[in-house]
Amino acid sequence: LYETLGWWRRSDYLKIHFLQTWNEQHHLLIMEELEGNRRWLDRFLAQHLAFGYYFVALGFYVFNPTFAYNFNQAVEEEAFET
């Protein structure tokens, strides 16, 4: 959002956004390979939880971008450990 509005023009933020998108794409590919999208209920829950998480992360980002990035990193680390 900040980059879109032109408030911050730092290339490292754009790099972080790209890497996060790349990471999420690979999560989806792995889940499909493991047949995580086979059942309707799994797909339904995943889509709706992702939708809710998006708005939580967006709210964090609007009020404190640093916290939003740190929160996302903590979530990713927890996901990696489990």
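Partly exposed describes a residue whose relative accessible area lies between the buried range, under 20%, and the exposed range, over 50%. Asp42 falls into this class, because its relative accessibility is 28%. The model is predicted.

**Salt bridges**

Two salt bridges are counted. Asp42 takes part in one of them, where its side chain meets that of Arg39 at 3.3 Å, N to O. Arg39 itself is exposed, at 52% relative accessibility. The other bridge joins the side chains of Arg38 and Glu35, with an N to O distance of 3.4 Å. Arg38 is exposed, with a relative accessible area of 61%. Glu35 is partly exposed, at 46%.

| Salt bridge | N to O distance |
|---|---|
| Arg38 and Glu35 | 3.4 Å |
| Arg39 and Asp42 | 3.3 Å |

**Helix packing**

Two packed helices are described by the angle between their axes and the distance between the axes. Helix 3 covers residues 40-63, and helix 4 covers residues 65-81. The angle at which they pack is about 145°. Their axes are 5 Å apart.

Which residues of helix 3 meet helix 4? They are Tyr53, Ala57, Phe60, Tyr61 and Phe63. On the helix 4 side, the partners are Pro65, Phe67, Ala68, Tyr69, Phe71, Asn72 and Val75. By class, this contact holds eleven nonpolar residues and one polar residue, with no charged residues.

Technical notes. Residues numbered from 1 in each chain as written. Predicted model: local features only at pLDDT ≥ 70, side-chain atom pairs only at ≥ 80, totals over all residues. Heavy atoms only, no water. Salt bridge = Lys/Arg side-chain N within 4 Å of Asp/Glu carboxyl O. Buried < 20%, exposed > 50% of the residue type's maximum accessible area, 1.4 Å probe, protein only. Axes fitted to C-alpha atoms, helices over the stretch in contact; angles between N-to-C directions. Helix = DSSP H or I, 4+ residues; strand = E, 2+ residues; numbered from the N terminus. Contact = heavy atoms within 4.5 Å. Nonpolar A, V, L, I, M, F, W, Y, C, P; charged D, E, K, R; others polar.
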